[in-house]
Amino acid sequence: MYTGKSQYRFDEMDLRDPIEPSLPELRFSVEDTITEPSSFHSLQTTSPLCIAPSSLQKQTSTNTWHLNSSATHAEAQKLTVLGAVRFLDHFSDLYGNVLSARAQRKSDAVLKAVLKVFSFQWLSNRGSSCDDTETFDEHIWTESPNVKEPKGSAEARDFVDAWFQARSLINDSKSVRSFRIVYAILLFDTIPIPEELIDAVGYSGWKHEFLDLGLRKLSTLDALVRRYCANLGPFSGYGDFMESSLNIVLWFGYLRDTVASLMTSRQCRLPEIPMQSKPAPARPQFLDLDSENNVPDICRRALAGAFHLWRQIIKIKNQTLSSTSGVKHGILESVLAINSTMTAIDAFHRSYHTLLAYCPAGPTPLSVGSTKFWVSLMIFWNLGLLVFAESSNSVLNECEYFHQHLISKIRALQQQAASSLTRTVECVFVLPTVGSWKPDSGLGVDVPITACHVTPSIAVTTLEKAIEQIIEVQSDSETGLIFDGVWNRHVAVLMKGLVSLEVTIGGSRIAGAALRSLMQRYGDIISECWSV
């Protein structure tokens, strides 16, 4: 990675040589990163090129160097996540994180293994089947004799094999502190745990097993790089690129920390990021969705606001879960927090109403890339609403008589989320799937957009919670279960969306478990809704 006398840039890593199939669209550009947190010194919007010395001009008055404008603007290139972590590790000795040759080899091995299993989870689940009696490598089951032998296609068994290999390498590299290890841990945390472990004794702790370790490493490396960049000075070109690269990794860590805490009972480990100083649009007409280029940027802004709200929702959820007695302690504080969050949700709706009501399958369809941004926003946003409704109801049920107005607003919010998700799934169903993936990705053309770009567990959890809450709300209503053609249609569409996620190896494992759980609890109701 030495610059020599010429410029170089970070392009997307070609995984076809060491890893098959190639990784589906992992790259982010610096300007594509979702937020600009002030506590992370703002993500830079300058070119993520690493400029050769010939492109640097010395300022004699300050004894610093600034980048030639022709290098930063005329040749702006994208910076991939893989490029960012390798760039940061390349200078590790300079900022005080000396990596031995053994640590370097381990970092590369872990990253490649995780990228491999991450790629395998997106393989089509509708390939050729093989005999259940076909032999399978036994060496990977040394972790426990209770783990079931994997069944299904060869691709499914390859996924399980790759998952265990990646986990073993991460476990053996706990003492190594590098950005490649951090990124591998964060990425591994998004991958579904093989279902062969679900019933095994003693494996409950494997969910987010390494996440806290990765976040601790990230926090330590963050301090080292920040101190190094401060020493380089505000006009350093390399300092800008290192800070941009660092912020990309930090944002990924912030996302994983927030998502894991929203979906489980854990507390967030990373500190809150203050909202961007630039205010969100006050009126929906400022959201120009007619231009294809505007959609990703608007979605990134909206996602940044959504994740800020998620942190507030997590506090309410954890406060609810921490109470073990029938009478909630601090219920007044909880109600105040719910009111505050409702106000923030209303403000978000006012700002992004046009985007939330949009459908990419309209008269002028969006490109696949822009559609992925929109689908991600809809799933992320509505998951937060559903968790908020679930947590708020637990608090408000203790004092239902005094907070009827809030309960009514929560019910309306649940209906809104269900309707929004139904419309999203319907939009995805009418979109063409051909071209959604690269030809060399190894994936079938029947993979819906809901199965890509968004982590499978997030999409499945969102649809599952929506179905649960729709049925529970109707069951608790004064009129009882009346199939009015509205809510039961929502259930039918969302169930079909859940079934469609089974087309990938990773999605089939999570969606299959969710479908079995839903049918066990609401089988007759769902069966009645299915024929709508």
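Student: Which contacts lead here, among those with a separation of 6 or more?
Tutor: Residues 24 or more positions apart account for 78% of them in the protein. Keep in mind that this is a predicted model.

Student: How many helices and strands are there?
Tutor: The protein has 14 helices and two strands.

Student: And what percentage of the residues count as buried?
Tutor: 55% of the 532 residues.

Student: Okay, the core. Which residues touch the most other members of the largest nonpolar one?
Tutor: Tyr 95, Phe 179 and Leu 498. That core holds 139 residues.

Student: Which helix gives the largest share of this core?
Tutor: Helix H10, residues 368-396. It supplies 16 residues.

Student: Left-handed or right-handed crossing for H6 and H7?
Tutor: Left-handed.

Student: Which residues of H6 and H7 meet?
Tutor: From H6: Leu 211, Leu 215, Leu 218, Asp 222, Val 225, Arg 226, Tyr 228, Cys 229 and Leu 232. From H7, the list includes Gly 239, Met 242, Glu 243, Leu 246, Arg 256 and Asp 257.

Student: How does the contact of H6 with H7 split by class?
Tutor: Twelve nonpolar, three polar and five charged residues.

Student: New pair. At what angle do the axes of H3 and H4 cross?
Tutor: Roughly 155°. The axes of H3 (residues 101-120) and H4 (residues 154-172) come within 9 Å. That angle makes H3 roughly antiparallel to H4. The crossing is left-handed.

Student: Which residues make the contact between H3 and H4?
Tutor: On H3, Lys 106, Ala 109, Val 110, Ala 113, Val 114, Lys 116, Val 117 and Phe 120. On H4, they include Asp 158, Phe 159, Trp 163, Gln 165, Leu 169 and Asp 172.

Student: And how do the residues of the contact of H3 with H4 divide?
Tutor: Twelve are nonpolar, one is polar and four are charged.

Methods: Residues numbered from 1 in each chain as written. Predicted model: local features only at pLDDT ≥ 70, side-chain atom pairs only at ≥ 80, totals over all residues. Heavy atoms only, no water. Left-handed = near helix turned anticlockwise from the far one by under 90°. Helix = DSSP H or I, 4+ residues; strand = E, 2+ residues; numbered from the N terminus. Contact = heavy atoms within 4.5 Å. Nonpolar A, V, L, I, M, F, W, Y, C, P; charged D, E, K, R; others polar. Axes fitted to C-alpha atoms, helices over the stretch in contact; angles between N-to-C directions. Parallel < 35°, antiparallel > 145°, perpendicular 65-115°, else oblique. Core = buried A, V, L, I, M, F, W, Y, C linked by side-chain atoms within 4.5 Å. Buried < 20%, exposed > 50% of the residue type's maximum accessible area, 1.4 Å probe, protein only.
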